[in-house]
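Q: I am new to this structure and would like to go through it step by step. Could we begin with the aromatic residues?

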Amino acid sequence: MSTVTQEKPAVSKPDASEILQNARSEGRSALPESDGKELLSSYGIAVPQRAMAIDPALAAAAAAGMKGPFVVKVSSPDILHKSDVGGVKVGLQSPEAVAEAVAEMQEIPAIAAARVDGFLVEEMAPAGRELVIGGMYDSRFGQMIMVGLGGIFVEVLADVSFRLCPITRDDAAAMLSELRGAKLLEGARGLKAVSKEAVIDILMAVGGEGGLLVENAEDIAELDLNPVIANESGAVAVDARVILREQGDAASKGNLPGADLPVLERWKPMFEPKTIAVVGASTKGGNVANIFIRRIKAFGYEGEIYPIHPKAEEVEDLKCYPSLSETPKPVDYTYIAIGGDAVPDVLAKASGNYQVAQVISSGFGETEEGKELEADVVRAAHANGIRIAGPNCLGLYSPRGKVTFAADPPAKVGGIGAVTQSGGLGTDIIKRGSARGLYFSGLVTLGNCADISPVDMVEYYLADPETKVIGLYLEELRDGRRFFDLLRTTPNPKPVVVLKGGRSKLGQAAAASHTGALAGDFRAWEAFAAQTTCALVKTVDEFIDALLAFQNLTVRPEHPTRKVTLFGNGGGTSVLATDFYADYGLDTEPFPPAVRTTLEALQLPPGTSVANPIDAPVRTLQQDDGKVAAKILDIVYEGADTDAVVMHINLAAFAGREGKDPIDTLIDGAVDVRRRHAGGAHFVMVLRSDGSQALDDRKRQVRERALSAGIPVYDEMAPAALALNAVKHIESRLAARLKQSEKE
Ligand code: ADP
Ligand code: MG
């Protein structure tokens, strides 16, 4: 931008913290625009040459030392939107015009009534495309950065992209290309392209490592550079609003019980308790605590169970103890289901050894009246060496420790580490998940999360050798920043699938900036997912679909899933699927000629199409009693350079057909091919039924057969696409990390 004299950071200028501290000491909640620009400039961001003047004559004098045309703006802590009150004049051609503009502004009632710091006289930036770059402090996720195109794109369409700080250059580039209006930056309707590099430079100076937001995280609540004017050669921030954070005392949490233990040891009392105390079981039987005792017994729990009861001798045929400190051995895990008011007292009488207590009782922080009590519970627990899971939850399921709150779950230890903030959904996930073939390394319900956070469990599962993929149902997460840092700093992090409840919550109502108003809860989660090995899903079914894929497939960061092969019966099905998969960036590319020739040489019956998708009608699949599938798949695996194969079978098409039912052979063939090409393309299966009892039963049998060979099975093409898309996302994130760490 040749016509604007841009400031370069100079040693004599005040540094960022000085500018911020000055404003604080003047009792301001926001920086005057000129100081905001000074701050930007100290991070290398181009801003217009400017000067403050308190009257028309001084304004004219200031303009005389700059290059026109000029802009005049009122500067006042009482005026947030200067144009709204007539406080901005652009295109002023001479110092005289500048003086006149100031004099006119002084007459405007809204300005006359305000506390005015002065009038900012600045050089006018040449025309270009207007963008908004923003930043904000989010209480859960910490500093976040935003970019959008100016005007209606931000204000009406909310076409913006967010990320958590710090961002990388790749993140910054992705933010720009995510915008629906991204094409406008490339030049459209006679406009020239703008320098994306210049915009990315500003994004990095604001939100990159060592950037403005990152270095001043304690001070900046919200930041709006609205607009940044960009053209083909550069970008200038012509408005800067910096809102200060209220200074909170950085409350140090102190050392939590078990904090000195390595993470696997810290949560072992929960996942593999040797001793369990149960508070709330009655001699009459039948309440949840009694049921818990029966369930763990039925599940084969091998450790000692201590019912805690003030008076009774025996409960559920077990000897009772009057308090947690009178048990024969120290307790690892305590299950508490009594009236909420009585919980602090029970904890206060514990022996002081480190343990985890899960509080099933409700009536705590989920209601206004219960908030105090919840804090009391946590205080009493910490004072006695105890960490609290819950309250207001159902319990935990840990097959390796043979503990369960749910009835008759699978005994097998699997690879899915789950956490849910809703107990009821926890039961659903175990029941519906295991019906679909999911096996868990653990599932913890955490209810209100008064103490133990889902992030603590993520930390455990990341370190846990049994866990292959982590699944979370979250409603509200207070320590999102810790979660982010954990996934960022763990080498080779495991896939995480997040089912997020409460997505429709509006942006922060009290926000003073565009950025703050646009940053709803879900925006933050989308940003989180875009930067980490976390895939977001919207329903319990999608949650199970994605977990099923990660449980059975091995992610291939060296080959992020993009090219898919569809193979099965049902021409319409594959036409529809081709379109649908393409929407997810899963391309059904035609096979190389050599593959086609080899497939054609199989001389399959007429009606078979050996391009991609491979349409094989029932008659084809019946060839060699079904052995044909293995032949086709072998050719695909050997030559097709594909990332994922989706084999779909419409069971209805086989019903009532002459000849031997080839389906079992088809599956066995697929299992065999997959074994021979271990490490190759992902293999998933779609089994479609017509919903009749007979076919649903048949489907269940076939599914078992496939699942036991480690093949994830879906009911339809669409959920398989969704699952593969989640796989693709995690693979791409891991690939980006590899690339990043090679750079470093
Ligand atoms: P507001 O407080 O109303 O947001 P701005 O400082 O953003 O005030 O000014 C309003 C508009 O005037 C900007 O959106 C931009 O189009 C234009 N503008 C302001 N300053 C300059 C400048 N130095 N160069 C070019 N245009 C400017
Ligand atoms: Mg503005």
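A: Phe141, Phe483, Phe484, Trp525 and Phe528 form one aromatic cluster. Rings of Phe, Tyr and Trp (its six-membered ring) pair if their centres lie within 6.5 Å; planes under 30 degrees apart count as stacked, over 60 as edge-to-face and the rest as tilted. This is a predicted model, in which local features need pLDDT of at least 70 and side-chain atom pairs count only at pLDDT 80 or more, while totals for chains, interfaces and linings use all residues. Residues are numbered from 1 along each chain as its sequence is written, chains are lettered from A and ligands numbered from 1 in the order in which they are written, and side-chain values use heavy atoms, with hydrogens and water left out.

Q: How many aromatic pairs are there by this rule?
A: The count is 15 aromatic pairs. Among them, Phe299 and Tyr397 make a tilted pair, 6.1 Å centre to centre with 50° between the planes.

Q: Which parts does that pair tie together?
A: Phe299 is in the loop between helix 13 (288-298) and strand 12 (304-308), and Tyr397 is in strand 18 (residues 396-397), so the pair links parts that are 98 residues apart in sequence. Helices (H or I, at least four residues) and strands (E, at least two) are DSSP runs, numbered from the N terminus.

Q: Are Phe299 and Tyr397 buried or exposed?
A: Phe299 is buried, at 12% relative accessible area, and Tyr397 is buried at 0%. Buried means under 20% relative accessible area, exposed over 50%, and partly exposed in between (1.4 Å probe, protein chains only).

Q: Which ring does Arg245 lie over?
A: Arg245 lies over the face of Tyr137, 3.4 Å from the ring centre. The charged end of Lys412 sits over the ring of Tyr439, at 4.1 Å from its centre. A charge sits over a ring if NZ of Lys or CZ of Arg is within 6 Å of the ring centre and within 35 degrees of the ring normal.

Q: Changing topic, what coordinates the magnesium ion?
A: The magnesium ion (ligand 2) is coordinated by Asn226 (O) and Asp239 (OD), at 2.1 to 2.2 Å. Asn226 belongs to strand 8 (residues 220-230) and Asp239 to the loop between strand 9 (235-237) and strand 10 (241-244), so the pair ties together parts 13 residues apart in sequence. Donors are N, O and S atoms within 2.8 Å of the metal (3.2 Å for Na, K and Ca); water is not among the atoms, so sites may look incomplete.

Q: And how is strand 2 placed: buried or exposed?
A: Strand 2 (residues 70-75) is mostly covered, with 6 of its 6 residues buried. Phe70, Val72 and Val74 point one way, and Val71, Lys73 and Ser75 the other way.

Q: Which strands does strand 2 run antiparallel to?
A: Strand 2 is joined to strand 3 (residues 88-92) by 3 bridges and to strand 4 (residues 118-123) by 6 bridges, running antiparallel. Two strands pair if DSSP finds at least two bridges between them. Phe70 stands opposite Leu92 in strand 3, and Val72 opposite Val121 in strand 4.

Q: Finally, what does Phe550 touch?
A: Phe550 lies in helix 21 (residues 540-552) and counts as buried at 2% relative accessibility. Not counting residues up to four places away in sequence, Phe550 touches Lys468, Val469, Pro495, Val497, Val555, Ala726, Val727 and Ile730. Contact means heavy atoms within 4.5 Å.
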